[in-house]
Amino acid sequence: RSADVTDNLLIRRLSMDPSTPSKIYAASSIGILATEDSGTTWTNVLPGYFIDIERHPTDPNTMYASTFDGDAQVFVSTNGGTNWSQTSNFTGIGRINIEVSAAAPDMVGLLCSDADDDGLFGLYSSADKGQNWTQFFDGHVTGNNLLGWEEDASDADGQGSYDLAFAIDPTDANK
């Protein structure tokens, strides 16, 4: 069925299959939605509240998606979005922004906001297509809350649940 405005369905991000443009995935407030007919019909392939979805830069069958709640998580599909597996076990993260770079195709970066105060929880990285995660920047250290209101980043608050974005350089994954 189609969605009505009264359903309060939010689409947060779209990902189009580069080899089959009629196949699109959506990170939405009710799950990962998939269409194979350019949006005429949709199937919910993974229920939940999803905020982001990204595709591996050189392997279109590998996709990454993140949930949006008090314990946001990362899910990975290696078969073009048909099946998904949770690859993280985070606690205290409210929102996750996922980024990839053609300069290091198997690397995945995460920018995470704190579930309690919307400040910076931290930055995470995976070198193996999202199977394992390592925190490399802790937002809870005084002076590290880059999402905060104070100029010196010393506060804990922020609006990470509202506007959270970052990018990895497509030619230099260290930037």
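1. Basis. Residues are numbered from 1 along each chain as its sequence is written, and side-chain values use heavy atoms, with hydrogens and water left out. Because the model is predicted, local features need pLDDT of at least 70 and side-chain atom pairs count only at pLDDT 80 or more, while totals for chains, interfaces and linings use all residues.

2. The open sheet. Four strands make up an open sheet, ordered E1-E2-E3-E4 and paired in the antiparallel sense. At its edges are E1 and strand E4 (43-47), each of which pairs on one side only. On average, neighbouring strands of this sheet are turned by 25° against each other, direction ignored. Strands here (E, at least two residues) are DSSP runs, numbered from the N terminus. Two of them pair if DSSP finds at least two bridges between them. The angle is taken between lines fitted to C-alpha atoms and runs from 0 to 180 degrees between N-to-C directions.

3. E1 and E2. Strand E2 (residues 24-28) is joined to E1 by five bridges, and the two run antiparallel. In this pairing, Met-16 has Ile-24 of E2 as its bridge partner.

4. The nonpolar core. The largest nonpolar core has 15 residues, and Phe-90, Ile-93, Ile-96, Leu-110 and Tyr-124 touch the most other members. Two or more residues each come from strand E7 (74-77), strand E9 (93-100), strand E10 (108-114) and strand E11 (120-126). E9 gives the largest share, four residues. Such a core is a set of buried Ala, Val, Leu, Ile, Met, Phe, Trp, Tyr and Cys residues joined through side-chain atoms within 4.5 Å. Buried means under 20% relative accessible area, exposed over 50%, and partly exposed in between (1.4 Å probe, protein chains only).

5. Strand E10. Seven of the seven residues of E10 are buried. In a regular strand, side chains alternate between the two faces of the sheet. In E10 both faces are covered, with Val-108, Leu-110, Cys-112 and Asp-114 buried on one side and Gly-109, Leu-111 and Ser-113 buried on the other. E10 pairs with E9 over seven bridges in the antiparallel sense, and Ile-93 has Asp-114 of E10 as its bridge partner. Six bridges, also antiparallel, pair E10 with E11; here the partner of Cys-112 in E11 is Gly-122.

6. Positive phi values. Most residues other than glycine have a negative phi. Asp-118 is not a glycine, yet has a positive phi of about 65°. Asp-118 sits in the turn of the hairpin formed by E10 and E11, which have five residues between them, and is partly exposed at 22% relative accessibility. Ser-38 also has a positive phi, near 60°. Ser-38 belongs to the loop between strand E3 (31-35) and E4 and is exposed, with a relative accessible area of 52%.

7. Side chains of opposite charge can pair when their charged atoms come close. With a salt bridge taken as a side-chain nitrogen of Lys or Arg within 4 Å of a carboxyl oxygen of Asp or Glu, the count comes to three. Arg-13 meets Asp-52 at 3.7 Å, N to O. Arg-13 is in strand E1 and Asp-52 in strand E5 (residues 50-55), 39 residues apart. Arg-13 also forms a salt bridge with Glu-54, where the closest N and O atoms are 2.8 Å apart. Glu-54 lies in strand E5 and Arg-13 in strand E1, so this pair ties together parts that are 41 residues apart in sequence. Arg-13 is partly exposed at 36%, whereas Asp-52 is buried at 3% and Glu-54 is buried at 10%.

8. Lys-129 and Asp-59. Lys-129 forms a salt bridge with Asp-59, the closest N and O atoms lying 3.3 Å apart. Lys-129 is in the loop between E11 and strand E12 (134-138), Asp-59 in the loop between E5 and strand E6 (63-67), and they are 70 residues apart. Lys-129 is partly exposed at 26%, and Asp-59 is partly exposed at 21%.

9. A surface patch. Ile-11, Leu-14 and Trp-42 make a nonpolar surface patch of about 300 Å². Patch residues have over 30% relative accessible area and no salt bridge; like charges are joined within 9 Å, nonpolar side chains (Val, Leu, Ile, Met, Phe, Trp, Tyr) within 5 Å. Areas come from the Shrake-Rupley method with a 1.4 Å probe; for residues, only the protein chains shown count as cover. Ile-11 is in strand E1 (residues 11-16) and is partly exposed at 43% relative accessibility.
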